[in-house]
Amino acid sequence: MDHQPKFFENLSGTGKAIGVLTSGGDAQGMNAAVRAVVRMGIYVKAKVYFVYEGYQGMVDGGDNIVEVSWESVSSILQVGGTVIGSARCKSFRTHEGRLQAAYNLVQRGITNLCVIGGDGSLTGANLFREEWSGLLEELAHNGKIDTEAVKKYAYLNIVGMVGSIDNDFCGTDMTIGTDSALHRIIEVVDAIMTTAQSHQRTFVLEVMGRHCGYLALVSALACGADWVFIPEYPPEEGWEDMMCVKLSENRARKKRLNIIIVAEGAIDCHNKPITSEKVKDLVVQRLGFDTRVTILGHVQRGGTPSAFDRILASRMGVEAVLALLEATPATPACVVSLSGNQAVRLPLMECVQMTQEVQKAMDEGRFLEAVRLRGKSFENNLNTYKLLAHKKPDAELPKTNFNVAVLNVGAPAAGMNAAVRAAVRVGITEGHKMFAVIDGFEGFAKGKIKEISWGDVGGWTGQGGSILGTKRTLPAKYLEKIAEQMRTNSINALMVIGGFEAYLGLLELSAAREKYDEFCVPMVMVPATVSNNVPGSDFSIGADTALNTITDTCDRIKQSASGTKRRVFIIETMGGYCGYLANMGALAAGADAAYIFEEQFDIRELQANVEHLTEKMKTSIQRGLVLRNENCNENYTTDFIYQLYSEEGKGVFDCRKNVLGHMQQGGAPSPFDRNFGTKISAKAMQWISKKLKETYRKGKVFANTEDSVCLLGMRRRNLVFQPVAELKSETDFVHRIPKEQWWLKLRPLMKILAKYKTSYDVSDSGQLEHVAMLPKEAVPAPI
């Protein structure tokens with residue numbers, strides 16, 4: 001999209017006052033949003049006020065509404081909950097309460113409100129906005145304020161951000177807190193699985209979600225649960241028998257544990273509640289299995305926010321301030337939200353109405369409609385879960401006589417196993433015979449290939465690394481042997497899960513088609529690498545897990561630096577030449593600088609950063625954090641930067657360095673990577689089935705067109721299949737990165753939040769969209 005960049009420097013906040021409050025139930029990441037609003041507000045020279053204790057503080061006034069400074073929001077990025085407090089407020093529901101709140105705001109000249117909360121909080125804010133001018137006139141009539149004030153503060157602008165762990169708000173793919181709540185659930189499920197395995201137990205887990213089954217559904221998808229109960233999609237009549245058959249079949253297949261996930265608002269098709277206790281009793285009575293119930297409760301709201309939530313909230317906070325600066329009296333109250341990886345603005349009331357429609361559909365028993373209204377992402381999750389959780393009896397499966405091979409290529413990335421599981425199970429459901437290749441192209445050449453069944457991939461979603469084994473070796477030197485193996489095993493299609501090597505490998509295989517007919521079969525690549533450097537996709541499997549590892553480590557290091565005071569840490573991250581991990585890690589950890597290859601820097605910039613940190617040490621925030629991508633510059637190495645900072649900072653701060661290394665490739669996959677891997681891989685397998693049908697002629701598969709070798713990637717808001725040949729022009733092969741990378745647009749965000757003067761291109765934001773007009777096919781970046 002060609003556009004003249006529009007920079008926000010033209011938007012001045014001088015003379016404006018912004019109030020920020022958190023309301024309703026707390027959610028991890030709210031503090032990151034508060035921090036972003038405060039710092040962006042101060043950056044554009046507006047005054048920013050905390051409103052403590054939500055609407056209650058607005059009504060009570062006094063010390064509850066306080067002007068804040070840059071340092072007021074230091075060290076809150078990694079803290080869960082909300083540091084400015086949240087309270088349920090009855091008085092704001094009354095006219096008198098709102099009148100008092102308006103008086104308190106006018107006293108401080110606040111006519112811009114940023115509300116972080118659920119749909120109830122946002123609806124309240126909109127009503128307040130509609131009544132505003134009437135409230136001011138009433139205050140003037142009562143002699144509380146003069147007529148000058150009525151004119152001066154005539155309009156109230158409102159921007160909302162949705163903070164809710166349930167992800168129950170229509171119009172936004174992910175609400176602040178959802179990803180962190182999934183982290184808490186998955187941590188518990190992983191822990192429970194080991195004990196359940198030891199004792200051959202069944203566990204019934206109850207998760208939050210009174211009106212929305214998102215957490216239950218996504219966690220079931222992420223841990224491969226045997227059964228899930230959600231309010232939007234009640235089980236059909238006779239579910240008790242079906243569930244018990246499924247559980248006993250699993251036990252018969254030597255599976256030592258069963259996991260059943262129940263949303264707290266789960267119901268049957270007659271709108272009667274299904275409780276975790278009821279499910280437990282049923283399993284015990286009918287099957288006699290040793291069964292335990294675990295209710296997760298408020299654990300899900302707690303803990304530190306995930307990297308995704310911090311970045312989401314920081315982006316939303318900055319966008320909210322921009323929306324307030326651009327608002328006119330005619331602008332409707334809007335919510336800033338996320339669609340794919342794009343920040344969008346939506347009319348608040350349209351979103352609220354749509355959210356209420358879902359509840360109405362459920363109350364009236366229109367469950368399919370409720371699922372549709374929840375959005376494409378929810379529907380995709382449900383369909384993928386149904387596809388992967390229950391194996392049809394062999395007699396009911398189609399038989400295609402096609403053989404499909406799956407292999408992992410490149411370095412290990414968390415989430416690869418989830419992708420293999422999804423590919424195998426969808427392939428079997430589609431009627432193919434599935435083969436697993438051990439140790440990438442090298443193993444393929446040596447004939448390390450075996451048939452893999454539905455049960456073989458059970459329990460794989462939560463495993464880190466690559467169970468199939470993976471190698472960086474490219475196929476070029478083994479073409480003859482790989483072709484022979486494909487002939488011997490009659491392989492009709494290939495699915496390659498991996499990073500840049502997988503992409504190069506597919507290019508080599510498609511180039512070899514002229515010589516070897518065996519490679520004239522459909523081939524698809526699913527991007528999986530911690531570096532996130534594959535062209536054609538904004539995200540790759542494994543990058544989110546690595547980002548969380550970096551963020552967790554940075555949190556600990558910051559804590560250590562705070563304790564010793566006046567200390568700066570230089571941290572080296574992975575990524576090859578791609579600065580994704582360093583840049584996003586810096587945004588999520590609240591770093592002072594991030595050095596990356598994509599943005600060249602020189603000694604003057606290093607000097608400026610040292611001076612910036614020297615200034616910072618004079619404030620109350622006496623610590624520094626600097627991230628450096630491993631290949632950002634061949635001469636300015638981590639050691640060089642460490643020595644330069646140590647020398648220049650003498651007497652002001654001391655320095656430490658830390659190379660994170662291979663811990664970034666390890667660990668259990670994050671919920672995002674499990675689900676992204678599962679969904680993208682299932683879609684890739686369906687594409688293979690379609691291509692196999694299209695290219696089957698005279699008893700054999702023959703595919704030699706460019707569009708039969710594709711990469712499936714996430715682009716802005718959609719999942720798209722792109723021929724690898726077409727991606728060549730978008731690739732910098734020397735440095736193994738895409739020529740254009742979306743996340744570079746977020747770089748100024750990190751600098752602004754670290755108090756650097758910079759230019760921020762806001763051309764993409766500022767358009768108010770409509771809920772109904774959101775693309776139907778949108779597959780969100782979030783889960």
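## Helix 4 against helix 11

The crossing of helix 4 and helix 11 is left-handed (the near helix is turned anticlockwise from the far one by less than a right angle; clockwise would be right-handed). This is a predicted model: local features need pLDDT of at least 70, side-chain atom pairs count only at pLDDT 80 or more, and totals for chains, interfaces and linings use all residues. Residues are numbered from 1 along each chain as its sequence is written, and side-chain values use heavy atoms, with hydrogens and water left out.

Helix 4 spans residues 119-141 and helix 11 spans residues 348-363. Helices (H or I, at least four residues) and strands (E, at least two) are DSSP runs, numbered from the N terminus. The two helices pack at about 135°, with axes 10 Å apart. Axes are lines fitted to C-alpha atoms, for helices over the stretch in contact, and angles run from 0 to 180 degrees between N-to-C directions. Helix 4 and helix 11 are therefore oblique to each other (under 35 degrees is roughly parallel, over 145 roughly antiparallel, 65 to 115 roughly perpendicular, the rest oblique).

Helix 4 brings Asp119, Leu122, Thr123 and Asn126 to the contact (heavy atoms within 4.5 Å). Helix 11 meets them with Leu348, Met349, Val352 and Thr355. These contact residues divide into 4 nonpolar, 3 polar and 1 charged (Ala, Val, Leu, Ile, Met, Phe, Trp, Tyr, Cys and Pro are nonpolar; Asp, Glu, Lys and Arg are charged; the others, Gly among them, are polar).

An open sheet holds 4 strands in the order 18-19-17-20, with parallel pairing (strands pair if DSSP finds at least two bridges between them). Its edges are strand 18 (593-595) and strand 20 (654-659), each pairing on one side only. Neighbouring strands are turned by 20° against each other on average, direction ignored.

Strand 18 and strand 19 (residues 623-629) share 3 bridges. Alanine 593 has valine 626 in strand 19 as its bridge partner. Helix 19 (residues 580-589) lies across strand 17 (567-573), strand 18 and strand 19. It runs at about 160° to strand 19.

## Strand 23 and its partners

Strand 16 (residues 523-527) runs parallel to strand 23, joined by 3 bridges. There, valine 524 stands opposite cysteine 710.

Strand 24 (residues 718-723) runs antiparallel to strand 23, through 6 bridges. Glycine 713 has valine 720 in strand 24 as its bridge partner. Strands 23 and 24 form a hairpin with 2 residues between them. In the turn, arginine 716 has a positive phi of about 50°.
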